[in-house]
Amino acid sequence: IAELGLLGTGGPGGENLDAQILQHREFHGIESAIQRSGGGVIDVSMSAHVVELSGRTCVLATFIDITTRKAAEAEVRRLNSNLEELVRQRTAALSESERRHRTLFARYCDLVENINDAIIQDDAEGRLVFANRRFVEWFGLEGRDIGDITMGDFVSPAFLAAVRERHARRMRGEPVPARFDFEGVRSDGSRLWLEVHVRPVIEEG
């Protein structure tokens, strides 16, 4: 076996393997590489055991060429390594995208909350789902739950029916002017005139 040019068997090559075989008498499925006499290396799986032939101690060994299998395993490892790197890069890109999104969202929220105009969003029934700080201050609605505020809380009775009608038509998809004026009413009963710009927003259908 020492003359076969075994590589990667540990110790001083085949001489070490010869000694192991004689000591343990047999082994199975040891993977190694063989230096071919014509050049090049092949991967093999070896099994061997000691036999006595005509009074001589001999080693009966079998070799299975596993070069193709080892190459396939190496390719799988390479692909796995590439996949792990792609996952790492994608995760980093997603983290950076999420960080940018949070930054932009924070800036948007800061803008909406500090702009001099009042901004609200209501649902199909005309109940508020959002109101910025300026709107709450204008109408004296501090402490009120936004979800409990309806048009009747900030539109004067003289204009309430018309505003509700515009809203209903808009919800039905009918053409309605985006800009109009109406008289608002604060929580203390005082009035103010408003120029309103409305844009429909569709969320989750």
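Two strands pair if DSSP finds at least two bridges between them. I kept that rule at hand for the hairpin below.

**Ground rules.** I am working on a predicted model, where local features need pLDDT of at least 70, side-chain atom pairs count only at pLDDT 80 or more, and totals for chains, interfaces and linings use all residues. Residues are numbered from 1 along each chain as its sequence is written, and side-chain values use heavy atoms, with hydrogens and water left out.

**Whole chain.** I listed four helices and eight strands in the protein chain. These are DSSP runs numbered from the N terminus (helices: H or I, at least four residues; strands: E, at least two). Along the sequence I read β-α-β-β-β-α-β-β-α-α-β-β. Of the 205 residues, 21% count as buried. Buried means under 20% relative accessible area, exposed over 50%, and partly exposed in between (1.4 Å probe, protein chains only).

**Hairpin S2 and S3.** I found strand S2 (residues 26–35) paired with strand S3 (residues 41–53) in the antiparallel sense, over eight bridges. Isoleucine 30 has methionine 46 of S3 as its bridge partner. Five residues lie between the two strands, and glycine 39 in this hairpin has a positive phi near 105°.

**Helix H4.** Which residues of H4 are buried? I noted Leu160, Val163, His167 and Arg170. Down the axis of H4, these buried residues fall within an arc of 100°, so they line one face of the helix. The arc is taken over the directions from the helix axis to the C-beta atoms. Turned away from that buried side are the exposed residues Ala158 and Ala161. The cover over the buried residues of H4 includes strand S5 (120–122) and S7. After H4 comes glycine 173, with a positive phi near 85°.

**Glutamate 183.** I placed glutamate 183 in strand S7 (residues 179–185). Is it buried or exposed? Glutamate 183 counts as buried because its relative accessibility is 16%. Its side chain makes a polar contact of 3.2 Å with the side chain of arginine 191. For such a contact I need a pair of N or O atoms within 3.5 Å; within protein, one must be able to donate a hydrogen and the other to accept it, and residues adjacent in sequence count only if both atoms are side-chain atoms. Leaving out residues up to four places away in sequence, glutamate 183 touches Val155, Ser156, Phe159, Arg191, Leu192 and Trp193. Contact here means heavy atoms within 4.5 Å.
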